[in-house]
Amino acid sequence: LIVTAPYYGDRKPKNQTLFFVNTVEDTFLQAWAIIQETTALTSYVLQKSPNALVCLTGFSFGAAMAGNAANVALQSGVDGQRLACA
């Protein structure tokens, strides 16, 4: 799965220029949404595919969000033997 972050592509507000978020608050909302959505997707995949292994990864900001999502997933009870973060 490749997660498209809020405020990018089809998910950006009409008043936003390119990929630049308009406010600091939008940056925090974007980060929170990425972490929550990725955590939910990770849990879903692991529940629906009992033999699946999941690796969360990213580059720069995406890597920080992947690490945070992995942490939240582990805190919410995801099997740590089936989840990796690179």
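This is a predicted model: local features need pLDDT of at least 70, side-chain atom pairs count only at pLDDT 80 or more; totals for chains, interfaces and linings use all residues.
Local features need pLDDT of at least 70, side-chain atom pairs count only at pLDDT 80 or more, and totals for chains, interfaces and linings use all residues. Residues are numbered from 1 along each chain as its sequence is written, and side-chain values use heavy atoms, with hydrogens and water left out.

**Helix α1**
- The 25 residues of α1 should span 36 Å at 1.5 Å a residue, and its end C-alpha atoms are 36 Å apart, which agrees; the expected span is 1.5 Å times one less than the number of residues.
- Helices (H or I, at least four residues) and strands (E, at least two) are DSSP runs, numbered from the N terminus.
- Among the buried residues of α1 are D26, Q30, I34, T38 and L46, where buried means under 20% relative accessible area with a 1.4 Å probe, protein chains only.
- The elements covering these buried residues include β1, α2 and β2.

**Helix α2**
- In α2, the buried residues are M65, A66, A69, A70 and A73.
- Viewed down the axis of α2, they fall within an arc of 140 degrees, so they line one face of the helix; the arc is that of the directions from the helix axis to the C-beta atoms.
- Just after α2, G77 has a positive phi of about 105 degrees.

**Largest pocket**
- The lining of the largest pocket divides into 14 nonpolar, 4 polar and no charged residues.
- At least two lining residues come from each of α1 (24-48), β1 (54-56) and α2 (61-75).

Terms used
Ala, Val, Leu, Ile, Met, Phe, Trp, Tyr, Cys and Pro count as nonpolar, Asp, Glu, Lys and Arg as charged, and the others, Gly among them, as polar. Buried means under 20% relative accessible area, exposed over 50%, partly exposed in between (1.4 Å probe, protein chains only). Contact means heavy atoms within 4.5 Å.
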